[in-house]
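I opened this entry to look up how one chain is built and how it meets its partner. My notes follow.

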Amino acid sequence: MKRYQESSGLRCGLVVLGACFLSVIVTLSVWSGLPVRSVGAAEESNIDSTNKWAWNDVVGWIDFYHSGDGAFVTDEKLEQAAVLDTDPSNHILLDCATTPTGNICATSKFSVSNYDNGGYLAGYAWNDDYGWISFCGNATEGSSQVGDHWECPASPTYQVYIDLAGANPSGDFSGYAWNDTIGWISFSDNDPVPYRVQVDCTGDICTQEGLPGYLQSATIDTGAVNGFAVNSITWKGTLPTYTHVGFTVAVTSSSTPSESDFKGENGGTTLYETSVGAAGVYRIDIDAAYHNPYKSGYRYLTYRVYIDNAYQETGPVVEDVILNWSS
Amino acid sequence: MSSSTRGQSLFEIVVAVGVAAIIIGSAATVMVLSMRSSEQNAESQKGYAVAQDILDTIRSYAESSWATLYNNSPSQLGLSQQFYLLEATSTATSTALAFNTGTTTVSLSENDVVTTYTVWFTIANIYRDDSNTATTTYSPPPAVTEDPTTLETTAFVNWEISGETKEISLSQQIARTRSDVMKFSQWGTYATTSGGVSVTSEGESIYVP
C-alpha cells in the first residue's frame with residue numbers, strides 16, 4: 001500500500017513536471033518568434049513589393065502584395081489573398097486554409113496549386129462578389145482535383161505561369177486567369193502601363209535546378225596562339241513555351257577542359273540563355289571578358305548546351321550551333 | 001610772302017614723324033603677331049598630322065597584333081601607360097612594328113626650321129551596358145561588361161614653341177574585326193551527353209527524349 005502511494009505520488013510529480021516543461025516550451029516558442037501561426041495571422045508576402053499588380057478591365061488593379069499581407073507562393077500552392085486596389089477590403093482568396101479570416105476549408109475547399117513547384121498554376125481562387133476565378137482551363141473545362149492538388153485539363157487554352165525554374169528564373173507571373181463575371185485577369189502586360197506580378201526570387205522559392213542535362217561539344221582548336229575572344233553563340237532549332245536552352249563556354253589552354261572551366265554569365269554558373277528569337281534562330285552574346293580573352297596559349301574552345309523541357313510534353317530541339325570568335 | 005607758303009615748321013615735322021612711327025609700329029606688331037600665329041598654326045597642323053599618323057599606324061598594328069594591344073590595356077596591366085610603335089624591320093613589301101613602353105620623338109623640318117615632337121599613345125578599355133552602348137567608364141558588373149574586341153587609343157603630340165609647351169591629342173575606337181565562325185550541325189562521338197540529353201541517331205539534333 002505504501003509502495004502504491006509512493007508510486008502514485010511520483011506519477012503526480014511527473015505529470016506536474018511535464019506540464020511545467022510544456023508550458024515553458026510554449027512560452028519560449030512564442031517569445032522566440034517560432035512559427036506559431038494564429039488564426040488570421042498572415043505570413044509576410046513573398047511577392048515583390050513593386051511588381052505586384054495584376055489587371056482586370058472591370059475591377060482594375062489587383063494587388064498581390066498589399067502591405068506585406070498579400071499572396072504567398074509556396075512550392076505547392078498560392079496562399080493567403082490578393083486585394084482589389086479600389087477596395088482593399090475586397091479579397092481574392094487564393095487558399096481556403098489561409099484566408100484573412102482563417103481556415104474556411106470546412107465550408108468551401110479550394111486552392112491554386114503550384115504542383116511540384118513547376119510554376120504552372122491550376123485550381124481556383126474565390127471572391128465574394130464575383131465567384132470562382134480559374135487559373136487554368138479551356139473553353140469546356142477547368143482544373144480538376146487529383147489527390148491533394150489541382151491539375152489542368154489536357155489542352156489548356158489559358159493558364160497562369162510563374163517562372164520559378166530553368167536557367168535564370170525571374171519569378172515573373174504571366175498568362176491569364178478567368179472569371180465568368182469580370183472576364184480575364186492578366187498577370188503581366190504593357191497595357192495600360194507595364195505591369196506584372198513577381199515573386200521574390202531571393203527567397204528559396206525559385207530554383208535553378210530545372211536543367212536536367214547537357215551536351216558537351218568536341219573541343220575546337222582555334223589555332224589562335226595568342227588567344228581569342230568569344231563573341232557569340234547562335235543556335236537554330238525549336239524552343240517551345242516555358243522550355244529553356246542555355247550554354248556555358250570553356251576557353252582553355254588544354255584540349256581537355258575541366259568542370260570549372262565552363263562558365264556562364266558574368267563568369268559564373270548562370271547559363272547564357274535567350275528566350276527571344278525569330279524563325280527559330282537564337283543569338284546569344286557572350287561576355288568575352290570572362291573567358292580568358294587574348295591570353296597566350298588559350299586556343300581551345302568547348303561549349304555545353306543545356307536543354308530543359310520544363311515538364312512540357314514537347315521539349316526544345318537544337319539543330320545547329322554556330323560559334324563566333326575574334327582571334 | 002604769305003604765311004601759307006612759308007613751309008612746315010619744326011613742330012609739324014615732329015608730329016608727322018611721330019604719327020608715322022605709331023602707324024609703322026602698329027603695323028609691324030600686327031605683322032609679327034600674324035607671322036607667329038601662322039607659325040603656330042603650321043606647327044599645330046603638323047602636330048595633328050603626326051597624331052593622325054600614329055592612329056593610322058595603331059590601326060595597322062591592330063590588324064596583326066590585337067592581342068598585344070589588348071594585353072597592354074589598363075584592365076590587363078592594372079594601370080594606364082604610355083606607348084609608342086617603332087619600325088623594327090622593313091622590306092620592300094612589309095614593315096614590322098615594335099611595341100614599346102614610354103615616349104619617342106619625331107623631328108620635322110620646314111624652311112630650315114626643325115620642330116621636335118614628343119609622341120606617345122595610350123589605350124583605354126571599352127565597356128558595354130545592357131543596350132550595348134560603349135563607354136570608357138568602368139562600373140562594377142553587371143552594370144557594364146568589358147568588351148575585349150574594342151579599344152580606345154589616344155595619340156598625344158607635344159612640342160615647344162616660343163618657350164611654351166603645346167600638346168594635342170586625337171582619339172579613335174578600334175575594333176577587332178577579324179572573326180572566325182564554326183557551325184556545328186552534327187554531334188558525333190567526340191561530343192558527350194549528361195543527364196537525359198540525347199542526340200538523334202543521325203547526330204543532327206540535340207533534345208531531351
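I counted two helices and eleven strands in chain B. Helices (H or I, at least four residues) and strands (E, at least two) are DSSP runs, numbered from the N terminus. The model is predicted, so local features need pLDDT of at least 70 and side-chain atom pairs count only at pLDDT 80 or more, while totals for chains, interfaces and linings use all residues. Residues are numbered from 1 along each chain as its sequence is written, with chains lettered from A and ligands numbered from 1 in the order in which they are written.

I read chain B along the sequence as α-α-β-β-β-β-β-β-β-β-β-β-β. Chain B has 209 residues, and 20% of them count as buried (20 or more other C-beta atoms within 10 Å of a residue's own, C-beta atoms being placed from the backbone). I then took contacts in chain B between residues at least 6 apart in sequence; 49% of these join residues at least 24 apart. A contact means C-beta atoms, placed from the backbone, within 7 Å.

Next I looked up the interface. Chain A puts 34 residues in contact with 34 residues of chain B. Which strands of chain A each supply at least two residues of that side? They are β18 (213-216), β20 (229-238), β24 (300-308) and β25 (317-326). β25(A) gives the largest share, ten residues.

I checked pairing last. β25(A) and β11 (residues 206-207) of chain B run antiparallel, joined by two bridges; strands pair if DSSP finds at least two bridges between them. In β11(B), Y207(B) stands opposite V317(A).

Definitions and conventions
Contact = placed C-beta atoms within 7 Å. Buried ≥ 20, exposed ≤ 12 C-beta atoms within 10 Å, placed from the backbone.
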